[in-house]
Amino acid sequence: PQSQNIIYENMWPKAAKLRRTWKLIEYLKKIKCPITVIHGFDDSHPVSGVIEPLKKNIINFVCHILERCGHEPRLEKYAQKKFYEILNNEIPL
């Protein structure tokens, strides 16, 4: 959808700069609630690029790798159900 493209185009340059300058890690260190990483096994962005900086900086997190899944698990046929199961288990209501 068009609105998602607009959000992405406005958000990604800022997020990329935070990652590039390591400020994102500094912000993550301040988070007090649990951090959950949900990553597709077939995502074009390697999961190691996400979890290794977290491990290196001793940031507590839980990681779920979804088989037969690319970059958008909420939309993917084989991963969608597992994605929502994880969300339901991780987000207390």
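Student: Leaving aside its neighbours within four places in sequence, which residues is isoleucine 51 in contact with?

Tutor: In this predicted model, isoleucine 51 is in contact with Phe61 and Cys63. Contact means heavy atoms within 4.5 Å.

Student: What makes up the largest nonpolar core?

Tutor: Eight residues do: Ile25, Leu28, Ile35, Val37, Ile51, Leu54, Ile59 and Phe61. Helices α2 (23-29) and α3 (48-56) each supply at least two residues of this core. A second, separate core has 5 residues, among them Cys69, Ala79, Phe83 and Ile86.

Student: Why is cysteine 69 called buried?

Tutor: Its relative accessible area is 1%. Buried means under 20%, so cysteine 69 counts as buried.

Student: Why is cysteine 33 called exposed?

Tutor: The relative accessible area of cysteine 33 is 51%. The cut-off for exposed is over 50%, and therefore cysteine 33 is exposed.

Student: How many disulfides does the structure hold?

Tutor: There are 0. For cysteine 33, the nearest cysteine sulfur belongs to cysteine 63, 16 Å away. For cysteine 69, the nearest is also that of cysteine 63, at 12 Å. A disulfide needs two cysteine sulfur atoms within 2.5 Å, so neither cysteine 33 nor cysteine 69 is in one.

Student: Why is tyrosine 8 called partly exposed?

Tutor: Tyrosine 8, in helix α1 (residues 2-20), has 47% relative accessibility.

Student: Which residues form a nonpolar patch on the surface?

Tutor: Ile7, Tyr8, Met11 and Trp12 form the patch, and together they have about 420 Å² of accessible area.

Methods:
Residues are numbered from 1 along each chain as its sequence is written. This is a predicted model: local features need pLDDT of at least 70, side-chain atom pairs count only at pLDDT 80 or more; totals for chains, interfaces and linings use all residues. Side-chain values use heavy atoms; hydrogens and water are left out. Patches are made of residues with over 30% relative accessible area and no salt bridge: like charges are joined within 9 Å, nonpolar side chains (Val, Leu, Ile, Met, Phe, Trp, Tyr) within 5 Å. Accessible areas come from the Shrake-Rupley method with a 1.4 Å probe; for residues, only the protein chains shown count as cover. A salt bridge is a side-chain nitrogen of Lys or Arg within 4 Å of a carboxyl oxygen of Asp or Glu. Helices (H or I, at least four residues) and strands (E, at least two) are DSSP runs, numbered from the N terminus. Buried means under 20% relative accessible area, exposed over 50%, partly exposed in between (1.4 Å probe, protein chains only). A nonpolar core is a set of buried Ala, Val, Leu, Ile, Met, Phe, Trp, Tyr and Cys residues joined through side-chain atoms within 4.5 Å.
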